[in-house]
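Please keep the sequence and the coordinates at hand.

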Amino acid sequence: STPVSVDIGICTYRRPAVVATLTSLFELDIPQGVTVRLIVADNDAEPSAKASIDNLRKASPFEIIYVHCPKSNISIARNACLSTSQAEYLAFIDDDETAPREWLSELLQTAQKTGAEAVLGPVTAIYKSTAPDWMRKGDFHSTFPVWVKGEIITGYTCNTLLRMSAPSVAGRRFALSLGQSGGE
């Protein structure tokens with residue numbers, strides 16, 4: 001089978017939990033013939049995540065690229081991942097999430113099986129036992145793609161795989177005007 005390259009973009013802004021995100025990625029089951037690089041886009045005015053990212057390099061089975069984009073706007077960080085990526089696929093995961101071992105292989109398998117240019121997956125919130133009942137019952141922090149008539153019409157970037165050469169993806173960027181409003 002042909003080799004496949006995947007970059008994983010992690011945008012971070014003053015979240016120590018990014019260490020747990022990266023550590024979970026180190027444990028991914030990587031399908032044969034797939035190469036992976038990690039791109040961390042630090043969105044803080046100061047390069048606040050750099051030291052902890054540098055400390056993880058020794059433990060990482062993957063190359064880690066650190067990009068400092070010092071303007072507090074998630075779209076700038078996402079665009080930095082898009083610009084830095086040189087892979088066939090770019091996956092996004094957020095800095096407050098962890099990936100199960102099969103995360104990347106499932107995204108790739110779906111892309112290859114369906115020919116999809118973008119694959120969007122769910123994010124399941126894990127609530128502390130101290131979280132109020134209404135919050136757990138309402139599950140307001142999980143995200144799921146919105147399907148209408150067999151097609152996804154909207155979704156979230158926090159669990160996404162993009163085929164970078166696809167006409168719908170190539171050269172596209174996130175809107176800077178939306179980067180501070182809770183969605184990009």
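What share of the contacts in the protein chain with a separation of 6 or more comes from residues 24 or more positions apart? The share is 73%. The model is predicted.

## Fold and surface

The protein chain holds five helices and eight strands. Their order along the sequence is β-α-β-α-β-α-β-α-β-α-β-β-β.

The protein chain has 184 residues, and 44% of them count as buried. Its accessible surface is about 10,200 Å². Carbon and sulfur atoms contribute 54% of that surface.

## Salt bridges

The count of salt bridges is nine. One of them pairs Asp7 with Arg37, at 2.8 Å from N to O. Asp7 sits in strand E1 (residues 4–12) and Arg37 in strand E2 (residues 34–42), so this pair ties together parts that are 30 residues apart in sequence. Are these two residues buried or exposed? Asp7 is buried, and Arg37 is buried too.

Asp96 and Arg15 form another salt bridge, with their closest N and O atoms 3.7 Å apart. Asp96 belongs to the loop between E4 and H4, and Arg15 to the loop between E1 and helix H1 (18–26), so the pair links parts that are 81 residues apart in sequence. Asp96 counts as partly exposed, at 47% relative accessibility. Arg15 also counts as partly exposed, at 38%.

Asp54 forms a salt bridge with Arg57. Here the closest N and O atoms are 3.1 Å apart. Asp54 is partly exposed, with a relative accessible area of 28%. Arg57 is partly exposed as well, at 33% relative accessibility. Elsewhere, salt bridges with shared partners join Arg15, Asp95 and Asp96 into one network.

## A buried glutamate

Glu97 lies in the loop between strand E4 (89–94) and helix H4 (103–114). Glu97 is buried, yet has no salt bridge. Which side chain of opposite charge is nearest to Glu97? It is Arg78, 7.4 Å away. A salt bridge needs a side-chain nitrogen of Lys or Arg within 4 Å of a carboxyl oxygen of Asp or Glu.

What, then, lies by the side chain of Glu97? A polar atom of this side chain is 3.1 Å from the backbone nitrogen of Asp94.

How values were computed. Residues are numbered from 1 along each chain as its sequence is written. This is a predicted model: local features need pLDDT of at least 70, side-chain atom pairs count only at pLDDT 80 or more; totals for chains, interfaces and linings use all residues. Side-chain values use heavy atoms; hydrogens and water are left out. Helices (H or I, at least four residues) and strands (E, at least two) are DSSP runs, numbered from the N terminus. Buried means under 20% relative accessible area, exposed over 50%, partly exposed in between (1.4 Å probe, protein chains only). Contact means heavy atoms within 4.5 Å. Accessible areas come from the Shrake-Rupley method with a 1.4 Å probe; for residues, only the protein chains shown count as cover. Lys and Arg count as positive and Asp and Glu as negative; His and the chain ends are not counted. A polar contact is a pair of N or O atoms within 3.5 Å; within protein, one must be able to donate a hydrogen and the other to accept it, and residues adjacent in sequence count only if both atoms are side-chain atoms.
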